[in-house]
Amino acid sequence: MRNHKVYLIGAGPGRADMITVRGLKILQQADVIIHDYLVDKAALEGLKPGAEIISSERYGKKACHGRSGQAQKKINDLMVKMAKAGRHVARLKNGDTSIFSRISEEIEALEKNKIEFEIVPGVTAASAASSFTGVPLTDRRYSSNVVFVTGHENPDKGIKIDWRRIAGMDTIALYMSSGDISDIAWKLIRSGRPETTAVLAVSNAGAVNQKTAIAALGSIADTVQKNAIKAPAIFIIGKTAGLEKRYNWLRKNRRILFTGLSGERFFLKGTYFHLPLIRIEPLEDYSGFDRYLKNIKMFDWIVFSSRFGVEYFFKRLKELGLDARILNNIKIAAIGNCTSERLLDFTISADLVPKKESSKGLIDEFRELDIKAKKIFLPRSDISDKGLEKEFEKLGAKVTSSFAYRNVMAEGLPDLDLNNFDEIMFTSPSGVRSFINRYGKAPLKVKIACIGDTTKKEALKWGLLG
Ligand code: SAH
């Protein structure tokens, strides 16, 4: 029998790395991923080659509560159809799988069709809002219970909320309420909750554009409006919300918007928000590049100026059925530690890594060697300038450069209030250009940090450095 098992997985809210390790492992083996629109698109990168990614948006309205029965049915049918076709299906749901997610309808559709399934939990929005603001949902002193409530009442569908009972809970985590918060706050007050009760509003919890506001129940609606807190947002109501002032670590830490591509490093001072402004993509046509690879023995040196050059070089080598032994007798240089470390992953220890991590540093060291008439191969990005090539030529070398990958501006970058950051860090000139293209300029109070001279030059050119 064909394996038609379906996994219903919680993606967590706000950011791609909020998924569980188990969820991610399963995702990486899936042929088809059907995801909610709120799932961070970065979670859908680097999956199995050829995996089909389908957004539930294609089937109707965005929000869960707004998703029509019709749209839900189409998602169920699709899941069943794909599973029956023998494909490995992952249904990736925002937050946790079991909280306001209409999972019962999906389970019933699978049951009815005798399709085996498993459920993998996720971090629910209330937990993320709690962690990313330092506000506990329970506290031995103030709160021994917490209730998750949808603000989306619909008596026709059996959702009639008993606000009296809700108002009596210690902590209330309110979902799907940003549009109706004025009405809901009023209902809670009328049901006996004091107007002075603390309320914390968090939109886009965990994401680079997270916003928070704190107010008393009586004035939360005004505060939400004034601070433009929009969906998806969650409200934490109760005494623990009052701890925000003391416990909000994010407000106290230095907040750094890191715009480069390298992976997140932890235990650095300050909190890093990762917003890659560029993307690295393969070329459409590798025939030119491959020709050089097949004749790589004709070169004396290969100079890698980025780790992506290394990655695409070896990817193509593999694709061509060649292996690293073909590089025997060729000398290899790498600019930057990242590049030389990536080479080590392919068991290549570079012959030359300039102490100064830049093209200039590299040329200075090559000047000490005799490279007259030596043949140099330079795998590079489609947008790098010809500076390095020219410098090598000045030293009498014969340079062949070839595009190994494309460097493109990231799409779908979120609206951001840049004043929420203390520092913006750029790591490449293309990142600077993408930033200018999307955000125009940076507020004066925000420090701009640049890694590398060429990045700094580009930032100066666009007036980012004052
Ligand atoms: N299953 C999800 C909830 C889906 S209902 C979970 O467990 O979190 C959609 C609602 O979730 C939104 O209206 C909002 O109230 C909340 N939500 C989802 N993502 C959020 C986020 N990043 N920040 C704040 N609230 C979020």
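**Notes on the ligand shell and a helix pair**

1. Let's start with the ligand. The shell of residues around it takes at least three residues from each of two domains: domain 1 (6–122) and domain 2 (127–247). Keep in mind as you look that this is a predicted model.

2. Who sits around the ligand? There are 26 residues in the surrounding shell, and the closest are Pro13, Gly95, Thr124, Ala125 and Ala205. If you want to find the shell by secondary structure, look at α4 (125–131), β8 (198–203) and β10 (233–237), the elements that each give two or more residues to the shell.

3. What kinds of residues make up that shell?

4. Now step back to the whole chain. Besides domains 1 and 2, the domain assignment gives domain 3 (253–277 + 410–461) and domain 4 (284–407). From domain 1 to domain 4, the C-alpha centres are 42 Å apart.

5. Next, have a look at helix α2 (residues 69–84) and helix α3 (residues 103–112). Their axes lie 10 Å apart, and the helices pack at an angle of about 40°. Angles under 35 degrees would count as roughly parallel and 65 to 115 as roughly perpendicular, so α2 and α3 are oblique to each other. The crossing of α2 past α3 is right-handed.

6. Which residues make this helix contact? From α2 come Gln72, Asn76, Met79 and Val80, and they meet Glu105, Glu106, Ala109 and Leu110 of α3. Sorted by type, the contact residues are 4 nonpolar, 2 polar and 2 charged.

Notes. Residues numbered from 1 in each chain as written. Predicted model: local features only at pLDDT ≥ 70, side-chain atom pairs only at ≥ 80, totals over all residues. Domains from an automatic or database assignment. Axes fitted to C-alpha atoms, helices over the stretch in contact; angles between N-to-C directions. Helix = DSSP H or I, 4+ residues; strand = E, 2+ residues; numbered from the N terminus. Parallel < 35°, antiparallel > 145°, perpendicular 65-115°, else oblique. Left-handed = near helix turned anticlockwise from the far one by under 90°. Contact = placed C-beta atoms within 7 Å. Nonpolar A, V, L, I, M, F, W, Y, C, P; charged D, E, K, R; others polar. Near = placed C-beta within 6 Å.
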